[in-house]
Amino acid sequence: MKFFADTSDIDEIKALIPTGLLDGVTTNPSIIAKSGREFLPLIKEITEIVSGPVSAEVAATDYETMRKEAEVLRKIADNVAVKVPLTPDGLRVCKELSDDGTMVNVTLCFSAGQAILAAKAGATFISPFIGRLDDLSQQGLDLISDICRIYDNYPQFDTEVLVASVRNPMHIIESAKMGAHVMTAPPKVINQLFNHPLTESGLAAFVKDWEKTGQSIL
Ligand code: E4P
């Protein structure tokens with residue numbers, strides 16, 4: 001499973017790179033607003049430190065303007081994935097960009113039917129938002145299971161399932177069991193995967209016992 005960081009925070013991104021955990025970055029207009037930074041230079045900076053796909057979302061909702069915005073975004077760097085909403089106009093942009101060799105991330109997916117549409121439009125990634133479904137007392141993970149099953153039935157679909165709106169480690173583990181190709185999560189959630197009390201207590205015991213030996217490896 002590929003790990004994308006759902007953030008535009010440069011320090012958070014830089015901290016993940018040496019771990020080898022980071023395969024890409026996703027942003028959205030809310031994340032950009034939170035950063036307080038200029039959108040285009042910020043995306044450029046991220047593409048320069050991350051070699052994998054960096055999702056940058058169009059701001060408009062009509063075809064003509066989205067298409068123009070997409071042209072600007074895709075020229076930033078080869079590893080930009082243009083993010084478009086799951087609307088008829090958004091999928092029209094998706095089809096044109098993907099036919100032209102640009103990565104496209106189709107966002108705001110909340111149903112399996114929408115995921116079929118995105119795959120048919122040639123999306124590189126489909127982003128089902130599972131946390132927001134959980135917030136409505138629906139099982140977000142059921143959507144991942146459905147999309148993975150459907151895509152498996154059609155080898156001609158090469159769209160990758162990018163699990164989004166990830167809120168906790170179980171979202172990642174369960175999505176991985178289902179075979180989702182990618183997940184994007186805030187770095188805090190990625191780092192929560194490290195946590196286990198037996199790792200912590202076991203390490204403390206090893207450190208203490210090693211001290212008793214009086215030895216040094218170096
Ligand atoms: C990523 O592509 C999505 O925009 C993001 O995961 C949404 O997460 P949220 O529901 O926590 O805002």
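Two strands count as paired if DSSP finds at least two bridges between them. With that in mind, welcome to this structure, which is a predicted model.

Let's start with the overall fold. Eight strands form a closed barrel in the order β1-β2-β3-β4-β5-β6-β7-β8, and their pairing is parallel. From one strand to the next, the twist averages 30°.

Now for a stretch of that barrel. Strand β7 covers residues 160-163 and strand β8 covers residues 182-185; the two run parallel and are joined by two bridges. Here Val163 has Met183 in β8 as its bridge partner.

| Helix | Residues | Strands touched | Direction |
|---|---|---|---|
| α6 | 112-120 | β5 (103-109) and β6 (125-128) | about 165° with that of β5 |
| α8 | 140-153 | β5, β6 and β7 | about 170° with that of β7 |

What joins β6 to β7? Two bridges do, and these strands run parallel.

From β7, the chain continues through helix α9, made of residues 169-178, and crosses to β8. This β-α-β crossover is right-handed.

Conventions
Residues numbered from 1 in each chain as written. Predicted model: local features only at pLDDT ≥ 70, side-chain atom pairs only at ≥ 80, totals over all residues. Heavy atoms only, no water. Helix = DSSP H or I, 4+ residues; strand = E, 2+ residues; numbered from the N terminus. Axes fitted to C-alpha atoms, helices over the stretch in contact; angles between N-to-C directions. Contact = heavy atoms within 4.5 Å. Right-handed = clockwise from strand over helix to strand, strands pointing away.
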